[in-house]
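In this notebook I record what I looked up in the structure shown below.

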Amino acid sequence: MSVATATYRSRLRASDILRVGALGLRTRRLRTGLSTLGVAIGIAAMVGVLGLSASSREELQTRIRALGTNLLEVQAGQGFGRGNQTLPADAVKMVSRIGPVTAVSSIATVSATVRRTDAISEGINGGITVFAADSGLLTTLNATLADGQWLDPATSTYPAVVLGSVAAQKLGIVDVGDELRVRIGDNWFAVIGILNPVAAAEGLDRGAIIGIAAAETYVVGDDIAPERIYVRTQEGAIDSVRAVLPPTVNPETPEEVEATRPSDALAAEDAASTAFTSLFLGLGAVALLVGGIGIANVMVIAVIERRSEIGLRRALGATKAHIRRQFLTEAVLLAGAGGVVGVGLGAAVTAIYSSTKHWKVVVPPIAIGGGVIAALAIGAIAGLYPAARAARLPPTEALRGN
Amino acid sequence: MNLPVRDGLALELINVVKEYPGEPPVRALASVSLEVQHGELAAIVGPSGSGKSTLLHIIGTLDRPTSGIVRVAGVDTSEMSDRQLSGVRSHLIGFVFQSFFLLEGMTAIDNVANGLLYRGKSLTDRRDAAAEALRRVGLGQRLTHTPAQMSGGERQRVAIARAIVNRPSIVLADEPTGNLDSRSGEAVMDLLRELHTEGRTILIITHDRELAASLPRRVSMRDGSIESVELAPPVSVGAGQ
């Protein structure tokens, strides 16, 4: 055997790199747990923020869909010391003549109280507003009934009332029973329906809605002018309709008419929450950075403490690269474990918070994948310097001081 | 364990000089030349500061000489890169240290298997060879014990098993009995002598002249040079074995 010409090479299998990298974690569990926690908190914060914002966004989208983006609301402008302004009496008719308008209806508030019995003082209104509405309101708003029926052209002229969801609750009415009546002003009104919550006009939830004719006859005793008009348009025509609404409603002083799109408010809310999401994501990133520094710190300490192990491994034939890979693997495993724990934690936080808000739980896959990848990357960066330091340590120095 | 038959010298040093930079440079080894045959059991003995640790590091290829030639099993290591030297250590050299250097939290068998870790062998192969080596040093019943569960003498035997598991050309033992009581120390020396009679080449570095006197060949160091090389009188060798 001619050994002089033989070449001897050190080799470390990939599976052994993992095993060797995990060794330091197994033998120092408390430290592993604590430094993993740092990264886990950062990742959990980021995943939680992404999950919560996705869930709340999903909720907003659901509300926007329920509302429809083709709904417009027309009101008399409020300004210059004017009170609740009314719109011209023929406004509904005028608006319905605009081509792309598919539905239009109006409501007006009526100054009266709603009571279960006449034994209750008239001054106590329980926070319920009486609205006079036309029979098209239900379809215009895409609203639905929880029980009973909506006002039709016939019942609109009689003392009949449909209650909003909150109003019904306040009055202690859960369904439409036989001859169930409430007192509005000085007259008894039969309760014929209860609404589900209305996304398009949340004020209606606290309202008692009666027909315009009935309101004129039994409550006000005079003609009622519309205060607010809801307009549905064809998709795509929304902006052009919005532009012509003020002059159509009030040709004399169009500047006193306000046409708004209720879904814009939700879209703005959505945009605002996006801004907050970026802010919290930034805070999460800072937490993650601190976690990464924690790992770098722990690894530097590990390299100092494990000098003799490094020396031994070099004596057993480890190359500098083997030592570097060992410590790099250790840092990546440390951070990776933190990433996995953090993703789980963030998802759990999202699930718990969303379920208390009755939202649909949405954890974006990008947050899950991104969380783990970010943790691994942080680990690799944090491990770079300690690993290089371990590899640079001369074997003779590493073996000294025993 | 069958050992490969080896020709030539296990170790050859020619005019090895080691200087550490400084003003003036510190000369740790001044032109050391030494030959060790395959199958020899020898001691390098000297007081602290005599250069024996530096010599151990250079023989073990953990450090490179400033000048001179170092051949391990005929392989010239003087001009090798750090990576190539690692390869030489993983194949040709086994180390036994004064303070054992066993990894806590690892069983005896895995500590010994680490002696083959950087040879790229599979875990199963490494463990098989480790079990065999542990049985060889008389620790067949301690395979799954951790260092904390073993006495000092047992730990050093685990370390010796680790040093021989890769069937090196030369075993370098640095003060192998330095951390042991006299009884455990004697047991460890007996084990090293046994391994020697099986044909292994063992170099023991020690400051203990009494211990060195019990070995067949003694290389005495002083001030970075070899002061004397003596062969043990036949009577002493006979008494030692």
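I began with a definition: the radius of gyration is taken over C-alpha atoms, and the globule rule is 2.2 Å times the number of residues to the power 0.38. Chain A has 35 Å, whereas a compact globule of 402 residues would have a radius of gyration near 21 Å. I then noted that the C-alpha atoms of chain A fill a box of roughly 115 × 50 × 45 Å along the principal axes.

I noted that this is a predicted model, in which local features need pLDDT of at least 70 and side-chain atom pairs count only at pLDDT 80 or more, while totals for chains, interfaces and linings use all residues. Residues are numbered from 1 along each chain as its sequence is written, and chains are lettered from A and ligands numbered from 1 in the order in which they are written.

I looked up the secondary structure of chain A and found twelve helices and eleven strands (DSSP runs, numbered from the N terminus: H or I of at least four residues for helices, E of at least two for strands).

Next I turned to contacts, where two residues count if their C-beta atoms, placed from the backbone, lie within 7 Å. In chain A, of the contacts between residues at least 6 apart in sequence, 84% join residues at least 24 apart.

Finally I examined where chain A meets chain B. The contact takes 26 residues from chain A and 31 residues from chain B. On the side of chain B that touches chain A, helix H2 (residues 82-92) of chain B gives the most, with nine residues.
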